[in-house]
Amino acid sequence: MSLPKLATIWLDGCSGCHMSLLDVDERLLQLTAMADLVYSPLVDNKVYPDDVDIVFVEGAVSTDEDLARVKMVRTRSRILVAFGDCAVTTNVPGMRNAFGGDAGQPLYQRAYVDNVTFVPGIPAVMPTERLPHHLPKTLAVHKVVDVDVFLPGCPPSADIIFDTLVALLEGRPPVAAEQARFGK
Ligand code: SF4
């Protein structure tokens, strides 16, 4: 019998939630016996499969690329876990919301002029060129797709991640994580 398919992705996050996942240490061996990690920054597969059972989504939705990725992931995954505070509330990436969004004059004013001691000035070539474009605001994951389980924390502890993952793989409701309770 084939194992459940597990995936993880990160959007606008610091990767700390994934580092906390790795902190389950030797219990990773237990997880490898329970699930097939089919897509993740931790493995080499570059194509997100069509039929993922569980996906952990780290990070907020900050760019057009994040938005397209999380929508694609939602359509191809049965259970979507908002993984960590950036995914659940926007947390750190959401701090830029106070300074304006795409094309970002207020944001760039803050980053390149207001907070710069030496040689302040907005660069002639903005860093958005050849990069994904910012959405007007950074959004929590549940604002753009349905979320099945919320796993708050910055980062969530390794124990909570492990318990949540095992519960979902065994078809039980996760105890520590919060079941979906926010509307879109
Ligand atoms: Fe990093 Fe915390 Fe955001 Fe996780 S919730 S991606 S640890 S800032």
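1. The largest pocket is lined by Leu 6, Thr 8, Leu 21, Leu 22, Leu 28, Leu 31, Thr 32, Ala 35, Leu 37, Ser 40, Leu 42 and Leu 165. A pocket here is an open set of points on a 1 Å grid over the protein atoms alone, where a 1.4 Å probe fits, with protein on both sides within 12 Å along at least five of seven lines; lining residues have an atom within 4 Å of a point.

2. This is a predicted model, in which local features need pLDDT of at least 70 and side-chain atom pairs pLDDT 80 or more, while totals for chains, interfaces and linings use all residues. Residues are numbered from 1 along each chain as its sequence is written, and side-chain values use heavy atoms, without hydrogens and water.

3. The lining of the largest pocket holds nine nonpolar residues, three polar and no charged ones. Helix α2 (27-34) contributes the most, three residues.

4. Which helix has twelve residues, and why does its span agree with expectation? Helix α3 (residues 64-75) should span 16 Å at 1.5 Å a residue, and its end C-alpha atoms are 17 Å apart, which agrees. The expected span is 1.5 Å times one less than the number of residues.

5. Asp 66, Val 70, Val 73 and Arg 74 are the buried residues of α3, buried meaning under 20% relative accessible area with a 1.4 Å probe, protein chains only. Seen down the axis of α3, these buried residues fall within an arc of 100°, so they line one face of the helix. The arc is taken from the directions from the helix axis to the C-beta atoms.

How values were computed: Helices (H or I, at least four residues) and strands (E, at least two) are DSSP runs, numbered from the N terminus. Ala, Val, Leu, Ile, Met, Phe, Trp, Tyr, Cys and Pro count as nonpolar, Asp, Glu, Lys and Arg as charged, and the others, Gly among them, as polar. Buried means under 20% relative accessible area, exposed over 50%, partly exposed in between (1.4 Å probe, protein chains only).
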